[in-house]
Amino acid sequence: MVDDTGGRRESSSRRRFLVAGGAAAITGLAGCSGGTGGDGASSGTNSASGDGGSGESGDPLLAEASAFDPESPNWEENNYRSTPLIDAGYERGSRADLESMGSREVDEVPHGEPVRETPDDESEWLEPDTLVFTESPSEDVQGRYEEDFQAVFDRIEEETGLPVEYNRVNSYAASVEAMRSERAHIANFSTGTTCFAVNLCGAVPFAAGIAPDGSFGYRLFATTRADADGIQSVEDFADDDVRMAHAEPASNSGHQAPSALFDQYFDVTADEDYEVNFSGGHSQTTRGIAAGDYDAGPICSTCFLDTVEADSNLSFDDFKVVWASDPFPNGPVAYRYNLHPDIQEGIRNAWLDSDFADTAYAERTGYEEYVPIEYRRHWYDIMVIQRYNGVEYTQGALSE
């Protein structure tokens, strides 16, 4: 959209960003130049931290997206097809990205409340006879039954002496509500939902999975069809003829991150420069783009990978990626803050001191190893993004 002078008008979220004096910098977000999976270094060129500036041209908060320049030498060769990115393992970050997230100097959380401490009053400690585990719903994976978790459930029982039950839920909001109401004591939350879980139900995120090759996390892929010649950059999403899909409101890479990053980096504002159509999930966005129901959309890179690999009618050559973020952390394992300290320790040990190689759990998740994470450091970018978007941590906001 343009103003009467022909220039791009200032978006309301950009104005909010400027009036507030600048959100804390979203670190290490960049285009797809030079990134690798595994143990290679990430492609991020930005290392700014603290409070940033206005987001004007030349500001260190802005992404370097030179690999997505139509005049670059490889443009005619692959037109940013997704196949080379997947072949390079670019859908994930690396152990180096994980370590970089964990080494941030962060004294306070930038948005919402910090992780709650275990109560000093022992009468407030929760000691259930059975521990209940739940997870946010996942996409495009068959056979996700309680048996898939047996290896980790056995380890929890070894460490705590308590049996574990599996409670399946059908929405992000339901997973948070289950822990808030003490109907669940342990959960695997999605990345974007984690902040709601910390604020609404006293979740304590403590571990995240890392793949056998050392790859970690996922990226936001700004995705369109390979033959969409009119879409060569995020700026082209602002065309009135482009039908845009977002996954769902609480999704990090499917809604929250693009709402902030497209606005800050490209001056393209969701619901102002284009209409947001919620597809219902990353797999629905992927299939919708392929089918022509949508022209483009932000997609979780690992969800994109899983969807295309699981559908014989899809090929990576059907898609191109016009921008990608640096890695975000994958959804963590968390427990309720007021569990008895001995139970908390046992739950941590069950994930952090175990090798899940050759188990159904590893096959299901893709992770044989779990590493410790710290909410205020590893989720810093997520909180800044949600603050930029004006997210309020309420059950109603999560359920929208």
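Colleague: Are Phe206 and Trp351 buried or exposed?

Modeller: Phe206 is buried, and Trp351 is too. Buried here is under 20% relative accessible area, exposed is over 50%, and partly exposed is in between, with a 1.4 Å probe and protein chains only. Bear in mind this is a predicted model, where local features need pLDDT of at least 70, side-chain atom pairs count only at pLDDT 80 or more, and totals for chains, interfaces and linings use all residues. Residues are numbered from 1 along each chain as its sequence is written, and side-chain values use heavy atoms, leaving out hydrogens and water.

Colleague: How many aromatic pairs turn up in the whole structure?

Modeller: A pair of aromatic rings is described by the distance of the centres and the angle of the planes. The search finds 23 aromatic pairs. Rings of Phe, Tyr and Trp (its six-membered ring) pair if their centres lie within 6.5 Å; planes under 30 degrees apart are stacked, over 60 edge-to-face, the rest tilted. Take Phe133 and Tyr166: the centres are 6.3 Å apart and the planes at 25°, so this pair is stacked.

Colleague: Which parts of the chain does that pair link?

Modeller: Distant ones: Phe133 is in strand 1 (residues 131-135) and Tyr166 in strand 2 (residues 164-168), 33 residues apart. Strands (E, at least two residues) and helices (H or I, at least four) are DSSP runs, numbered from the N terminus. Phe133 and Tyr166 are both buried.

Colleague: And why is the pair of Phe206 and Trp351 edge-to-face?

Modeller: Because the planes are at 75°, with the centres 5.9 Å apart. Phe206 sits in strand 4 (residues 203-210) and Trp351 in helix 11 (residues 341-352), 145 residues apart.
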